[in-house]
Amino acid sequence: MKVITIKQPFASLIIAGLKEYEFRTWKTNYRGPILIHAGKGIDKNAIKKYEQFHLEYPTGCILGIADLTDCVKINEEAKTMLKKKKSIVYENQINNQENNHYGFKLENIQTIEPIYINGQLGLWNYNDKIKIKTSL
């Protein structure tokens, strides 16, 4: 299964359902299930900005699974749409983007039992079993 490594707090924002687009400088044609890996990198300023969400920020592990359903070019129209959705989550990220950036649309996000593993650049493969967490 494909995996994408994402810096914290952004991986946890995705898993919590607060962030549905992940930004990259490169485009992907891949569509389908994708594991969300929290890298070892932490953006401490961003964690302070999102402290009202009271999230945990584990690192070096796969936290969840989502469906990558689209890859959109981040132009002015996309920036306007994202600001309307959840401006606090997207504001700094889209304002700091250079030209030619893309947003990977993530849907159907589910939490899994954490799998501790080193991340990689780009989309990478993980072939072992995963266990979806169920809420009681």
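The protein chain has three helices and six strands. This is a predicted model. Along the sequence, the elements follow the pattern β-α-β-β-α-β-α-β-β. Buried residues account for 43% of the 136 residues in the protein chain.

**The sheet**
- Six strands form an open sheet in the order β2-β5-β4-β3-β1-β6. The pairing in this sheet is mixed.
- β2 and β6 (123–125) stand at the edges. Each has a single partner strand, so one side of each has no neighbour in the sheet.
- From one strand to the next, the twist averages 45°.
- β1 and β6 run antiparallel as a pair, with three bridges. Ile4 stands opposite Leu123 in β6.

**The nonpolar cores**
- In soluble globular proteins, nonpolar side chains tend to be buried together.
- The largest nonpolar core holds 29 residues. Ile6, Ile34, Ile36 and Leu106 touch the most other members.
- β1 (2–8), α1 (10–15), β2 (21–24), β3 (32–42), β4 (61–73), α3 (76–95) and β5 (102–116) each supply at least two residues of this core.
- Another core lies apart from the largest one and has eight residues. Ile112, Ile115, Trp124 and Tyr126 are among them.

**Contacts and surface**
- Leaving aside neighbours within four places in sequence, Leu106 is in contact with Ile14, Glu20, Glu22, Ile34, Ile36, Ala66, Asp67 and Leu68.
- Take the contacts in the protein chain between residues at least 6 apart in sequence: 83% of them join residues at least 24 apart.
- The accessible surface of the protein chain is about 7,800 Å². Carbon and sulfur atoms account for 47% of that surface.

Methods:
Residues numbered from 1 in each chain as written. Predicted model: local features only at pLDDT ≥ 70, side-chain atom pairs only at ≥ 80, totals over all residues. Heavy atoms only, no water. Helix = DSSP H or I, 4+ residues; strand = E, 2+ residues; numbered from the N terminus. Buried < 20%, exposed > 50% of the residue type's maximum accessible area, 1.4 Å probe, protein only. Contact = heavy atoms within 4.5 Å. Areas by Shrake-Rupley, 256 points an atom, 1.4 Å probe, with all protein chains shown as cover. Core = buried A, V, L, I, M, F, W, Y, C linked by side-chain atoms within 4.5 Å. Pairing = 2+ DSSP bridges. Axes fitted to C-alpha atoms, helices over the stretch in contact; angles between N-to-C directions.
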